[in-house]
Amino acid sequence: MSAVAEKQLIQPHGGGLVDRTGERPDGVDALETVRLTSRELSDLDMLASGALSPLTGFMGSDDYERVVEDMRLGSGLPWALPVCLAVESAPSGDRVALANEDGKALAVLEVEEVFEYDKSREAQQCFRTTDEAHPGVKRLYAQHDHYVAGPVTVFERLEPAFPQLHRDPADTRALFAERGWRRVVGFQTRNPIHRAHEYLTKCALETVDGLLIHPLVGETKSDDVPATTRVQAYDVLLEGYYPQERVVVSAFPAAMRYAGPREAIWHAICRKNYGCSHFIVGRDHAGVGDYYGTYDAQLIFDEFEPHELDIEPMFFEHAFFCRTCGQMATAKTCPHPADDHVFLSGTKVRELLSEGKLPPAEFSRPEVAEILISAYRN
Ligand SMILES: [Zn+2]
(Lines give C-alpha, C1' and ligand atoms only; values in the text may rest on other atoms or scores of the structure.)
Protein backbone atom coordinates (compact mmCIF):
# COMPACT_ATOMS: atom_id res chain seq x y z
CA MET A 1 0.00 0.00 0.00
CA SER A 2 2.82 2.34 0.87
CA ALA A 3 4.48 1.61 -2.51
CA VAL A 4 1.31 2.78 -4.25
CA ALA A 5 1.15 5.88 -2.09
CA GLU A 6 4.81 6.62 -2.79
CA LYS A 7 4.07 6.66 -6.51
CA GLN A 8 1.98 9.74 -5.86
CA LEU A 9 5.07 11.61 -4.75
CA ILE A 10 7.44 13.51 -7.02
CA GLN A 11 10.00 11.23 -8.71
CA PRO A 12 13.60 11.43 -7.51
CA HIS A 13 15.95 13.49 -9.70
CA GLY A 14 16.80 11.37 -12.75
CA GLY A 15 13.90 8.99 -12.05
CA GLY A 16 15.15 6.61 -9.34
CA LEU A 17 16.47 6.81 -5.81
CA VAL A 18 20.11 5.72 -5.71
CA ASP A 19 21.31 3.48 -2.88
CA ARG A 20 25.09 3.25 -2.53
CA THR A 21 25.17 1.40 0.77
CA GLY A 22 26.55 -2.12 0.75
CA GLU A 23 28.56 -4.81 2.50
CA ARG A 24 32.15 -4.16 3.46
CA PRO A 25 34.15 -5.77 0.64
CA ASP A 26 37.14 -8.03 1.34
CA GLY A 27 40.58 -6.50 1.46
CA VAL A 28 39.60 -2.95 2.46
CA ASP A 29 42.40 -2.78 5.00
CA ALA A 30 45.01 -3.37 2.30
CA LEU A 31 43.78 -0.46 0.14
CA GLU A 32 45.31 2.97 -0.11
CA THR A 33 43.24 5.28 2.10
CA VAL A 34 41.93 8.75 1.32
CA ARG A 35 40.89 10.79 4.35
CA LEU A 36 37.89 12.95 3.61
CA THR A 37 37.26 16.48 4.84
CA SER A 38 34.03 17.19 6.70
CA ARG A 39 32.42 18.49 3.50
CA GLU A 40 33.48 15.43 1.53
CA LEU A 41 32.18 13.17 4.32
CA SER A 42 28.79 14.90 4.16
CA ASP A 43 28.76 14.38 0.40
CA LEU A 44 29.72 10.71 0.82
CA ASP A 45 26.89 10.10 3.24
CA MET A 46 24.43 11.83 0.92
CA LEU A 47 25.67 9.68 -1.97
CA ALA A 48 25.03 6.61 0.20
CA SER A 49 21.44 7.59 1.00
CA GLY A 50 20.43 8.74 -2.47
CA ALA A 51 20.09 12.37 -1.38
CA LEU A 52 22.32 13.17 -4.36
CA SER A 53 20.49 10.93 -6.84
CA PRO A 54 21.26 10.28 -9.68
CA LEU A 55 24.93 10.52 -8.63
CA THR A 56 26.47 7.18 -7.71
CA GLY A 57 29.86 8.53 -6.69
CA PHE A 58 32.24 11.45 -6.90
CA MET A 59 32.06 13.21 -10.28
CA GLY A 60 34.28 12.53 -13.24
CA SER A 61 35.54 15.23 -15.60
CA ASP A 62 32.59 15.00 -18.05
CA ASP A 63 30.05 15.75 -15.35
CA TYR A 64 32.35 18.21 -13.60
CA GLU A 65 33.06 20.30 -16.70
CA ARG A 66 29.45 20.50 -17.71
CA VAL A 67 28.28 21.31 -14.17
CA VAL A 68 30.83 24.10 -13.81
CA GLU A 69 30.07 25.51 -17.28
CA ASP A 70 26.31 25.27 -17.51
CA MET A 71 24.79 23.62 -14.46
CA ARG A 72 24.16 20.25 -16.06
CA LEU A 73 25.49 16.74 -15.74
CA GLY A 74 27.01 15.10 -18.81
CA SER A 75 23.57 13.59 -19.44
CA GLY A 76 22.04 17.06 -19.66
CA LEU A 77 20.16 16.69 -16.36
CA PRO A 78 20.26 19.90 -14.28
CA TRP A 79 22.88 19.88 -11.49
CA ALA A 80 24.30 23.02 -9.95
CA LEU A 81 27.43 22.24 -7.91
CA PRO A 82 30.41 19.88 -8.22
CA VAL A 83 30.42 16.86 -5.91
CA CYS A 84 34.08 15.98 -6.12
CA LEU A 85 36.78 14.36 -4.02
CA ALA A 86 40.16 16.11 -3.92
CA VAL A 87 43.37 14.07 -3.62
CA GLU A 88 47.04 14.96 -3.55
CA SER A 89 47.99 12.56 -6.34
CA ALA A 90 46.59 9.69 -8.38
CA PRO A 91 46.05 6.54 -6.28
CA SER A 92 48.06 3.53 -7.44
CA GLY A 93 45.29 0.93 -7.29
CA ASP A 94 41.91 0.73 -9.01
CA ARG A 95 40.12 0.99 -5.65
CA VAL A 96 40.70 3.23 -2.66
CA ALA A 97 39.25 3.19 0.83
CA LEU A 98 37.50 6.39 1.90
CA ALA A 99 38.04 7.20 5.55
CA ASN A 100 36.85 9.72 8.10
CA GLU A 101 39.14 12.27 9.71
CA ASP A 102 40.38 9.62 12.18
CA GLY A 103 41.36 7.28 9.37
CA LYS A 104 38.50 4.81 9.87
CA ALA A 105 37.38 3.30 6.54
CA LEU A 106 33.73 3.95 5.66
CA ALA A 107 33.54 3.26 1.94
CA VAL A 108 35.33 2.06 -1.15
CA LEU A 109 35.65 4.07 -4.36
CA GLU A 110 36.29 2.38 -7.69
CA VAL A 111 38.76 4.70 -9.35
CA GLU A 112 37.54 5.58 -12.84
CA GLU A 113 39.46 8.77 -13.37
CA VAL A 114 41.85 11.25 -11.79
CA PHE A 115 41.91 14.76 -13.21
CA GLU A 116 43.30 18.21 -12.54
CA TYR A 117 40.98 21.15 -12.16
CA ASP A 118 41.18 24.92 -12.20
CA LYS A 119 40.32 26.23 -8.75
CA SER A 120 39.84 29.86 -9.74
CA ARG A 121 37.54 28.88 -12.59
CA GLU A 122 35.47 26.64 -10.32
CA ALA A 123 35.31 29.47 -7.78
CA GLN A 124 34.26 32.08 -10.32
CA GLN A 125 31.62 29.85 -11.91
CA CYS A 126 30.18 28.34 -8.75
CA PHE A 127 30.68 31.08 -6.15
CA ARG A 128 30.70 34.05 -8.56
CA THR A 129 33.89 35.27 -6.91
CA THR A 130 37.53 34.31 -6.49
CA ASP A 131 37.81 36.24 -3.23
CA GLU A 132 39.50 34.03 -0.63
CA ALA A 133 37.53 35.71 2.13
CA HIS A 134 34.47 33.82 0.84
CA PRO A 135 34.22 30.66 3.02
CA GLY A 136 33.43 28.37 0.06
CA VAL A 137 36.27 29.76 -2.04
CA LYS A 138 38.63 29.54 0.90
CA ARG A 139 37.83 25.85 1.35
CA LEU A 140 38.16 25.19 -2.39
CA TYR A 141 41.58 26.87 -2.55
CA ALA A 142 42.79 24.82 0.42
CA GLN A 143 41.91 21.52 -1.31
CA HIS A 144 44.34 19.12 -2.99
CA ASP A 145 44.94 19.67 -6.70
CA HIS A 146 43.37 16.57 -8.27
CA TYR A 147 39.92 15.08 -8.23
CA VAL A 148 39.46 11.33 -8.03
CA ALA A 149 36.22 10.06 -9.52
CA GLY A 150 34.16 6.90 -9.46
CA PRO A 151 31.22 5.09 -7.87
CA VAL A 152 31.25 4.53 -4.12
CA THR A 153 30.01 1.73 -1.89
CA VAL A 154 29.43 2.92 1.65
CA PHE A 155 29.58 0.16 4.27
CA GLU A 156 29.56 2.38 7.31
CA ARG A 157 27.31 5.40 7.55
CA LEU A 158 28.22 8.50 9.53
CA GLU A 159 26.94 8.62 13.08
CA PRO A 160 24.05 11.10 12.81
CA ALA A 161 24.53 14.17 14.99
CA PHE A 162 20.81 14.10 15.82
CA PRO A 163 19.58 10.48 15.65
CA GLN A 164 15.99 11.53 16.40
CA LEU A 165 16.05 13.73 13.29
CA HIS A 166 17.86 11.30 11.00
CA ARG A 167 15.80 10.35 7.95
CA ASP A 168 17.15 9.26 4.59
CA PRO A 169 15.24 10.15 1.41
CA ALA A 170 13.60 6.70 1.44
CA ASP A 171 12.42 7.38 5.01
CA THR A 172 10.91 10.81 4.34
CA ARG A 173 9.24 9.44 1.21
CA ALA A 174 7.73 6.56 3.18
CA LEU A 175 6.57 8.96 5.88
CA PHE A 176 4.96 11.37 3.39
CA ALA A 177 3.23 8.43 1.67
CA GLU A 178 1.99 7.09 4.99
CA ARG A 179 0.44 10.46 5.72
CA GLY A 180 -1.14 10.58 2.28
CA TRP A 181 0.79 13.69 1.23
CA ARG A 182 1.44 14.32 -2.45
CA ARG A 183 2.46 17.96 -2.41
CA VAL A 184 5.15 18.64 0.16
CA VAL A 185 7.11 21.86 0.59
CA GLY A 186 10.68 21.74 1.85
CA PHE A 187 12.22 24.49 3.95
CA GLN A 188 15.99 24.78 4.17
CA THR A 189 17.41 26.65 7.12
CA ARG A 190 20.67 27.08 8.98
CA ASN A 191 19.25 29.55 11.50
CA PRO A 192 16.81 29.51 14.38
CA ILE A 193 13.27 30.07 13.08
CA HIS A 194 11.86 33.43 14.11
CA ARG A 195 8.41 34.77 13.27
CA ALA A 196 9.43 35.81 9.74
CA HIS A 197 10.36 32.31 8.63
CA GLU A 198 7.52 30.76 10.58
CA TYR A 199 5.25 32.94 8.47
CA LEU A 200 6.84 31.86 5.17
CA THR A 201 6.61 28.17 6.00
CA LYS A 202 2.98 28.55 7.03
CA CYS A 203 2.09 30.55 3.91
CA ALA A 204 3.63 27.76 1.85
CA LEU A 205 1.88 25.06 3.87
CA GLU A 206 -1.50 26.73 3.17
CA THR A 207 -1.16 25.64 -0.47
CA VAL A 208 0.23 22.07 -0.09
CA ASP A 209 -0.34 18.90 1.97
CA GLY A 210 2.69 18.92 4.21
CA LEU A 211 5.80 20.79 5.29
CA LEU A 212 9.30 19.37 5.67
CA ILE A 213 11.40 21.59 7.92
CA HIS A 214 14.84 20.48 6.86
CA PRO A 215 17.55 22.26 8.82
CA LEU A 216 21.07 21.83 7.58
CA VAL A 217 23.13 20.20 10.32
CA GLY A 218 26.37 19.61 8.41
CA GLU A 219 29.28 21.99 8.75
CA THR A 220 28.52 25.73 8.83
CA LYS A 221 30.58 28.84 9.54
CA SER A 222 31.72 29.17 13.14
CA ASP A 223 29.60 32.29 13.67
CA ASP A 224 26.34 30.57 12.68
CA VAL A 225 24.16 29.41 15.61
CA PRO A 226 25.31 25.86 16.51
CA ALA A 227 23.04 23.05 15.33
CA THR A 228 22.44 21.72 18.88
CA THR A 229 20.92 25.03 19.95
CA ARG A 230 18.92 25.32 16.76
CA VAL A 231 17.48 21.83 17.13
CA GLN A 232 16.25 22.66 20.65
CA ALA A 233 14.69 25.83 19.29
CA TYR A 234 12.96 23.94 16.44
CA ASP A 235 11.54 21.50 19.00
CA VAL A 236 9.86 24.16 21.13
CA LEU A 237 8.60 26.06 18.11
CA LEU A 238 7.07 22.96 16.54
CA GLU A 239 5.55 21.87 19.81
CA GLY A 240 3.91 25.21 20.45
CA TYR A 241 3.01 26.60 17.07
CA TYR A 242 2.74 24.00 14.29
CA PRO A 243 0.15 21.27 13.69
CA GLN A 244 2.10 18.06 14.27
CA GLU A 245 0.19 16.08 11.64
CA ARG A 246 1.19 18.50 8.87
CA VAL A 247 4.88 18.93 9.63
CA VAL A 248 7.99 16.77 9.64
CA VAL A 249 11.28 18.04 11.05
CA SER A 250 14.31 16.20 9.85
CA ALA A 251 18.02 16.90 9.54
CA PHE A 252 19.59 17.74 6.17
CA PRO A 253 23.12 16.33 6.46
CA ALA A 254 24.78 18.58 3.87
CA ALA A 255 27.69 20.91 4.58
CA MET A 256 27.09 24.56 3.66
CA ARG A 257 28.96 25.72 0.59
CA TYR A 258 27.71 29.33 0.69
CA ALA A 259 27.34 29.27 -3.09
CA GLY A 260 24.16 31.35 -2.98
CA PRO A 261 22.17 30.97 -6.24
CA ARG A 262 23.75 27.71 -7.38
CA GLU A 263 23.32 26.25 -3.91
CA ALA A 264 19.62 27.15 -4.04
CA ILE A 265 19.26 24.96 -7.14
CA TRP A 266 21.34 22.22 -5.52
CA HIS A 267 19.29 22.40 -2.32
CA ALA A 268 16.07 22.16 -4.34
CA ILE A 269 17.28 19.08 -6.26
CA CYS A 270 18.32 17.34 -3.02
CA ARG A 271 14.89 18.06 -1.48
CA LYS A 272 13.21 16.59 -4.55
CA ASN A 273 15.06 13.38 -3.69
CA TYR A 274 13.63 13.57 -0.18
CA GLY A 275 10.14 13.70 -1.75
CA CYS A 276 9.41 17.46 -1.79
CA SER A 277 7.38 18.80 -4.70
CA HIS A 278 7.95 22.42 -3.66
CA PHE A 279 10.87 24.30 -2.16
CA ILE A 280 10.98 27.66 -0.38
CA VAL A 281 13.56 30.12 -1.72
CA GLY A 282 13.82 33.30 0.28
CA ARG A 283 15.99 36.32 -0.37
CA ASP A 284 19.73 35.66 -0.46
CA HIS A 285 19.33 31.88 -0.09
CA ALA A 286 22.61 30.22 0.99
CA GLY A 287 24.36 33.55 0.66
CA VAL A 288 27.17 35.00 2.71
CA GLY A 289 28.44 38.56 3.04
CA ASP A 290 27.39 40.61 0.02
CA TYR A 291 28.61 38.31 -2.72
CA TYR A 292 25.15 37.79 -4.19
CA GLY A 293 22.31 40.06 -5.17
CA THR A 294 19.18 39.87 -3.03
CA TYR A 295 17.17 38.01 -5.67
CA ASP A 296 19.94 36.09 -7.46
CA ALA A 297 18.95 32.80 -5.80
CA GLN A 298 15.42 33.24 -7.16
CA LEU A 299 16.37 34.50 -10.63
CA ILE A 300 18.69 31.56 -11.28
CA PHE A 301 15.65 29.24 -11.50
CA ASP A 302 14.78 31.04 -14.78
CA GLU A 303 17.87 29.51 -16.35
CA PHE A 304 16.02 26.20 -16.53
CA GLU A 305 13.04 25.33 -18.69
CA PRO A 306 9.72 25.12 -16.86
CA HIS A 307 9.34 21.68 -15.24
CA GLU A 308 12.92 20.74 -16.04
CA LEU A 309 13.78 20.71 -12.34
CA ASP A 310 10.30 19.35 -11.62
CA ILE A 311 10.41 20.61 -8.03
CA GLU A 312 8.61 23.94 -7.88
CA PRO A 313 10.43 26.84 -6.20
CA MET A 314 8.28 29.11 -4.03
CA PHE A 315 9.78 32.58 -3.84
CA PHE A 316 9.36 34.74 -0.79
CA GLU A 317 10.15 38.26 0.34
CA HIS A 318 11.41 39.22 3.79
CA ALA A 319 8.55 39.03 6.28
CA PHE A 320 7.90 41.22 9.31
CA PHE A 321 5.14 42.03 11.76
CA CYS A 322 3.25 45.19 10.76
CA ARG A 323 1.62 46.99 13.68
CA THR A 324 -0.98 48.64 11.43
CA CYS A 325 -1.90 45.46 9.57
CA GLY A 326 -1.82 43.74 12.95
CA GLN A 327 -0.19 40.68 11.41
CA MET A 328 2.83 39.23 9.67
CA ALA A 329 3.29 40.53 6.14
CA THR A 330 5.83 41.32 3.46
CA ALA A 331 6.41 44.28 1.15
CA LYS A 332 4.12 42.44 -1.26
CA THR A 333 1.16 42.39 1.10
CA CYS A 334 1.56 45.42 3.40
CA PRO A 335 1.22 49.04 2.19
CA HIS A 336 2.53 50.69 5.38
CA PRO A 337 5.82 52.50 5.95
CA ALA A 338 8.80 50.84 7.59
CA ASP A 339 8.10 52.67 10.89
CA ASP A 340 5.05 50.45 11.33
CA HIS A 341 7.13 47.30 11.01
CA VAL A 342 8.83 45.42 13.82
CA PHE A 343 12.30 45.03 12.42
CA LEU A 344 15.47 44.03 14.28
CA SER A 345 18.86 43.65 12.67
CA GLY A 346 20.80 40.46 13.29
CA THR A 347 23.27 42.48 15.38
CA LYS A 348 20.47 43.94 17.51
CA VAL A 349 18.96 40.48 18.10
CA ARG A 350 22.32 39.04 19.18
CA GLU A 351 22.80 42.02 21.49
CA LEU A 352 19.41 41.50 23.18
CA LEU A 353 19.91 37.76 23.54
CA SER A 354 23.39 38.09 24.98
CA GLU A 355 22.03 40.56 27.56
CA GLY A 356 19.37 37.98 28.47
CA LYS A 357 16.57 40.17 27.09
CA LEU A 358 13.66 38.77 25.09
CA PRO A 359 13.17 40.32 21.66
CA PRO A 360 9.60 41.50 21.00
CA ALA A 361 7.07 38.65 20.66
CA GLU A 362 6.30 39.99 17.18
CA PHE A 363 9.86 39.13 16.22
CA SER A 364 10.52 35.85 18.00
CA ARG A 365 8.45 33.34 19.93
CA PRO A 366 9.48 33.69 23.59
CA GLU A 367 10.12 29.92 23.90
CA VAL A 368 12.62 30.15 21.04
CA ALA A 369 14.25 33.28 22.42
CA GLU A 370 14.67 31.64 25.86
CA ILE A 371 16.65 28.80 24.30
CA LEU A 372 18.89 31.21 22.43
CA ILE A 373 19.42 33.28 25.58
CA SER A 374 20.51 30.26 27.59
CA ALA A 375 22.84 29.22 24.76
CA TYR A 376 24.42 32.67 24.81
CA ARG A 377 24.89 32.41 28.60
CA ASN A 378 26.85 29.20 28.23
ZN1 LIG B 1 0.99 46.90 7.19
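The model is predicted, so local features need pLDDT of at least 70 and side-chain atom pairs count only at pLDDT 80 or more, while totals for chains, interfaces and linings use all residues. Residues are numbered from 1 along each chain as its sequence is written, and side-chain values use heavy atoms, with hydrogens and water left out.

Nonpolar cores were defined as sets of buried Ala, Val, Leu, Ile, Met, Phe, Trp, Tyr and Cys residues joined through side-chain atoms within 4.5 Å. Buried means under 20% relative accessible area, exposed over 50%, and partly exposed in between (1.4 Å probe, protein chains only). The largest nonpolar core holds 75 residues. Leu 44, Leu 52, Phe 58, Trp 79, Leu 98 and Trp 266 touch the most other members. Helix α9 (residues 261-273) gives the most to this core, with six residues. Helices (H or I, at least four residues) and strands (E, at least two) are DSSP runs, numbered from the N terminus. A second, separate core has 39 residues, including Val 208, Val 249, Ile 280 and Ile 373.

Contacts were taken as heavy atoms within 4.5 Å. With neighbours within four places in sequence set aside, Leu 52 is in contact with Asp 43, Met 46, Leu 47, Trp 79, Val 83, Trp 266, Cys 270 and Asn 273.

Glu 122 lies in helix α4 (residues 119-127). Glu 122 is buried but has no salt bridge. A salt bridge requires a side-chain nitrogen of Lys or Arg within 4 Å of a carboxyl oxygen of Asp or Glu. The nearest side chain of opposite charge is that of Arg 39, 6.4 Å away; Lys and Arg count as positive, Asp and Glu as negative, and His and the chain ends are not counted. The side chain of Glu 122 instead makes a polar contact of 2.8 Å with that of Tyr 147. Such a contact is a pair of N or O atoms within 3.5 Å; within protein, one must be able to donate a hydrogen and the other to accept it, and residues adjacent in sequence count only if both atoms are side-chain atoms. Beyond four places in sequence, the contacts of Glu 122 include Tyr 64, Val 68, Pro 82 and Leu 140.

The count of salt bridges comes to 17. Arg 72 pairs with Glu 308, with the closest N and O atoms 2.8 Å apart. Arg 72 lies in the loop between α3 (61-70) and β3 (85-87), and Glu 308 in the loop between α10 (296-299) and β12 (312-315), so the pair ties together parts 236 residues apart in sequence. Arg 72 counts as buried, at 15% relative accessibility. Glu 308 counts as partly exposed, at 26%. Glu 351 and Lys 348 also meet in a salt bridge (3.7 Å, N to O). Both lie in helix α11 (residues 346-354), three residues apart, about one turn of the helix. Salt bridges with shared partners join Arg 39, Asp 43 and Arg 257 into one network.

An open sheet of three strands has the order β14-β13-β15, with antiparallel pairing. β14 (327-330) and β15 (341-342) stand at the edges with a single partner strand each, so one side of each lacks a neighbour in the sheet. Strands pair if DSSP finds at least two bridges between them. Two bridges join β13 (residues 319-322) to β15. Cys 322 has His 341 in β15 as its bridge partner.
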